Amino acid sequence: MSPIPTIVRWISRRALRWCYREVRYVGRERVPADGPTLLFGNHQNDLPDVLAGFFTTDRPLRYIATSSAVTRPLANATYRGMGVIPVTRVRDARIMRSRGVDPAAVNRSAFASVQEAFRAGDIVGVFPEGGVHDSSSIGKPRAGVAKMALESIDNGATIDLKLIAFGVQYDAQQTARSDLTVVLGESFSLRSWVEHQTDPSPSALSARLHKELLSVARSISSWPNAEARDRLVAAVSACSATSAEPLLETSANVQRRCGFLVEGCDPSQTEQEVPIVHWRTISDELAELVHRAGGLATSARDTARVLDAAGSPNPQACWPTRTWMLATVVPATIGLILNGPMQWSVWQLAGRTATARTDRVARAILPGLHLIFLGYVVLGGLFALGFRASSLSAWWALPVVMLLPRLGDLGLAWRDAVCAWRLRARVQRLSVGERAAIRAAAERVWSAWMTLSTPSSSSS
């Protein structure tokens, strides 16, 4: 068995930890444990979407991906080792022809490879929008994905095919150390869908895929509306937090309803029932207060912590314990000293070279992997020289270098904990009147939310 999938998953998990403070998966149990499965997701943030998709299941995930990304031997070897099925997009056809590659032949091979994967009972992953797009809305799935799925039914190659959507939801997708939630929808049988359709065409299946994506991902008409929705999601989630449900799950459950309210098209409300509330701005005051305190305005966790520190106890504030921080201060400091400069350099480079909203994290991860690997090689060499100078075997440097990524993870977690306590201290240093203003702003959001006739729990 190739070690490449294990290595890629290990690197992917670490890369997500570099970029995001908390990553939570909702509904992983919905992915079938075996049998042919098509997993399809939204694609608004480039590489993080791909990495997050790996952990929606414990099964080896074979992605369908553009062959234009494979331009170097290492990338090509990784594609082969991961069982990636390469396809050619229309916009890449000219580039592929210039390399002597026939796009039509590549896509015919891809169709055959997908059918072979389904016959083998594999799980295949795809982003049906046809590539990364800098849009706040979920794009219409490409017909080719639906054709690939329907072909598995038409030619009788499989008993059935299960399809399941996953939505990658970001509190602030281009902000380092924000939070990430991946929501998986209910799986559905393609054979059953075909049997109940009067017109089981690729376009009809594409429409179903689009509907499934909308149910699990964040989609709205514009980026300004998306920002308003995310502020509202953070406020409502923090105000409605309970000890029974993790906060990021609450955010995932209310995000769609919040989007409807910001757009002014909540389907659960009649014109007479809609409260006279400006949903685009109702959370702005609280968001501004959270920002002023040093938190992230679109973060449900930061909002919950600000409320808790302001005197409104919140079960999802989740303050790191001082005991843990004291116990880990030494290894965490070592991890920050050894890893921090490399990670800071990567983010600075990404910020300077990013040309689109979807670029920054991807440009942090890919160059970051190379830069940090090079950094570990240099550190390993220095440790080896140090051990030799101390009359010890240079091989002792190997376990030290293997420990460095773990120390880096611990350093980041410890730094997040420090940031949390600094946030609390800043809020508690506010005047009595300022803390009362925070509580009052939260109460206005919650009162407005509670005036809706449908309970918030139905907003998923």
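**Salt bridges**

I began with the salt bridges, taking one as a side-chain nitrogen of Lys or Arg within 4 Å of a carboxyl oxygen of Asp or Glu, and by this rule the count came to 17. I noted that this is a predicted model, in which local features need pLDDT of at least 70 and side-chain atom pairs count only at pLDDT 80 or more, while totals for chains, interfaces and linings use all residues. Residues are numbered from 1 along each chain as its sequence is written, and side-chain values use heavy atoms, with hydrogens and water left out.

I looked up arginine 21 and found a salt bridge to aspartate 302, with the closest N and O atoms 2.9 Å apart. Arginine 21 belongs to strand β1 (residues 20–26) and aspartate 302 to helix α12 (residues 300–309), so this pair ties together parts that are 281 residues apart in sequence. For these names, helices (H or I, at least four residues) and strands (E, at least two) are DSSP runs, numbered from the N terminus. For accessibility I used buried for under 20% relative accessible area, exposed for over 50% and partly exposed in between (1.4 Å probe, protein chains only). On that scale aspartate 302 is buried at 9%, whereas arginine 21 is partly exposed at 23%.

Because glutamate 249 sits in helix α10 (residues 247–263) and arginine 24 in strand β1, the pair ties together parts that are 225 residues apart in sequence. Arginine 24 is partly exposed, at 27% relative accessible area.

Within helix α8 (residues 202–216) I looked at glutamate 212 and arginine 208, which are 4 residues apart and thus separated by about one helical turn. Their side chains meet in a salt bridge of 2.8 Å, N to O; glutamate 212 is buried at 13% relative accessibility, and arginine 208 is partly exposed at 25%. I also recorded a network of salt bridges that links Asp171, Arg218, Arg229 and Asp230.

**Nonpolar cores**

I next turned to the nonpolar cores, each a set of buried Ala, Val, Leu, Ile, Met, Phe, Trp, Tyr and Cys residues joined through side-chain atoms within 4.5 Å. The largest has 45 residues, and Phe54, Phe166 and Leu180 have the most contacts inside it. Helix α14 (residues 360–389) gives the most to this core, with 7 residues. Leaving aside neighbours within four places in sequence, I listed the contacts of leucine 180 (heavy atoms within 4.5 Å), which include Tyr20, Val23, Arg24, Val168 and Leu248. Another core, of 42 residues, lies apart from the largest one and has Leu289, Val290, Ala304 and Trp421 among its members.

**Helix α16**

I checked helix α16 (residues 432–450), whose 19 residues reach 27 Å from the first C-alpha to the last, close to the 27 Å expected at 1.5 Å a residue, where the expected span is 1.5 Å times one less than the number of residues. Its buried residues are Ile438, Ala441, Ala442, Val445, Ala448 and Trp449.
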